[in-house]
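Subject: Structure handover

Hi,

Here is the structure I promised to pass on.

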Amino acid sequence: MRWDNLGDSPSALFGTDIVSRTVDTPEFRGITFHEVRARSIVNRVPGASRMPFEWTVNPYRGCSHACVYCFARKTHSYLDLDTGQDFDSQIVVKVNAPELLRRELAGRRWRGDHIAMGTNVDCYQSAEGRYQLMPGIITALRDYANPFSILTKGTLILRDLALLRQAAEVTDVGISVSVGFLDRELWRTVEPGTPAPERRLDVVRTLTAHGIPCGVLMAPVIPFLGDAPEQLRATVRAIAEAGAASVTPLVLHLRPGAREWFLSWLEHHHPHLVHRYRTMYGDGAYAPTWYQRRITRQVHEFAAEFGIGPSLPGAARKIPSAPAAPGPAGAPGEDEPRSPAGPTQLTLI
């Protein structure tokens, strides 16, 4: 593994004291944790981004959720790790994230801007059960009454329910859960390390019952596997029945790193679709605009049928204002450089 920018200089991402651990328990078998001390934890979203938020916190790098389409896979290549199996099993843990965040929030230059989490990899992946970084992070944000939002597929967020309620009493807290489809066979192969879709909807139900409105990012909608009208309708209906405040559809996008890994998965599980995907996506990362518009229109129609509103850009994260032209969901933090502007998705977390 290559660790760039190690040391004590202001430009270094991590200190030199890196500890790599393997844990021989069923939950973490095959996973290596690289414990690092980050130099900074509040990261500015690049200016070219169209995200409705400017600042992110990412306590982990790599993700055992192992979603084959994850756009953040490319970040592992910067450490000379592959964007496939290594991304799923070589997890960088910023062990000093809570204390570092508290220090940065206390800085004279910090103005209390919204901080988005879950924008790169899931902050409630299984590693969080071992390292428990999020309670300290949420506590710091609560103590400074700093607005924040979280996007997750993890049920572990319910462990921090009391802290989230406390934070919501003093600042704006936006929670979104990602549920793109209900198909269990598709879930087992495309999102093998995540809780089942119905368990994620239980998270929505529980948060809502405790007075914390929760939106659902219906992502990804996977062409030819999860986009039939009856599939979309069933998913929206389940989301509405869980009490979600809003639903925001997002069509699968395939950035470099994720694209190669997803197409390899597709060739193994659905080889008859490989040509259709190559035709649909061409050399780009995004499905055609006409397709995105069709999916968005259908989901919004089903949302209206079941009495649940679509989410405006930034609304699910409780961000006061957002740019007029939204871009793709997720945003690179310090781990991912911004690629040149191209076709954008029609909806945004």
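Rings of Phe, Tyr and Trp, the last taken by its six-membered ring, pair if their centres lie within 6.5 Å. Keep in mind that this is a predicted model.

**Aromatic pairs**

The whole structure holds eight aromatic pairs. Ring pairs join Phe 224, Phe 262, Trp 265, Tyr 277 and Tyr 281 into a cluster.

Take Phe 262 and Trp 265. Their ring centres are 5.3 Å apart and their planes meet at 35°, so this pair is tilted. The two residues sit in helix α9 (residues 258-269), three residues apart, which means about one helical turn separates them. Both Phe 262 and Trp 265 are buried.

Phe 262 also pairs with Tyr 277. That pair is tilted too, at 5.4 Å centre to centre and 50° between the planes.

How buried are they? Phe 262 has 0% relative accessibility and so counts as buried. Tyr 277 is buried as well, with a relative accessible area of 1%. The cut-off for buried is under 20%.

**Strand β8**

Strand β8 covers residues 148-152. Five of its five residues are buried, so the rest of the structure largely encloses β8. Phe 148, Ile 150 and Thr 152 point one way from the strand. Ser 149 and Leu 151 point the other way.

β8 has parallel pairings with two strands, β7 and β9. With β7 (residues 115-117) there are three bridges. Met 117 has Ile 150 of β8 as its bridge partner. With β9 (residues 173-178) there are five bridges. Here Phe 148 is bridged to Val 173 in β9. Between β8 and β9 the chain passes through helix α5 (residues 161-168), and this β-α-β crossover is right-handed.

**Second largest pocket**

The second largest pocket has a volume of about 300 Å³. What kind of residues line it, by class? Seven are charged, three nonpolar and one polar. Among the lining residues are Arg 44, Glu 54, Glu 104, Arg 108, Arg 109, Arg 111 and Asp 113. The lining also includes Val 42, Trp 55, Gly 107 and Trp 110.

Best wishes

Definitions and conventions
Residues are numbered from 1 along each chain as its sequence is written. This is a predicted model: local features need pLDDT of at least 70, side-chain atom pairs count only at pLDDT 80 or more; totals for chains, interfaces and linings use all residues. Side-chain values use heavy atoms; hydrogens and water are left out. On a 1 Å grid over the protein atoms alone, a cavity is a set of points where a 1.4 Å probe fits but cannot get out, and a pocket is an open set with protein on both sides within 12 Å along at least five of seven lines; lining residues have an atom within 4 Å of a point. Grid points are joined across faces, edges and corners, and a volume is the space filled by probe spheres set on the points. Ala, Val, Leu, Ile, Met, Phe, Trp, Tyr, Cys and Pro count as nonpolar, Asp, Glu, Lys and Arg as charged, and the others, Gly among them, as polar. Buried means under 20% relative accessible area, exposed over 50%, partly exposed in between (1.4 Å probe, protein chains only). Helices (H or I, at least four residues) and strands (E, at least two) are DSSP runs, numbered from the N terminus. Two strands pair if DSSP finds at least two bridges between them. A crossover is right-handed if, with the strands pointing away from the viewer, the path from the first strand over the helix to the second runs clockwise. Rings of Phe, Tyr and Trp (its six-membered ring) pair if their centres lie within 6.5 Å; planes under 30 degrees apart count as stacked, over 60 as edge-to-face and the rest as tilted.
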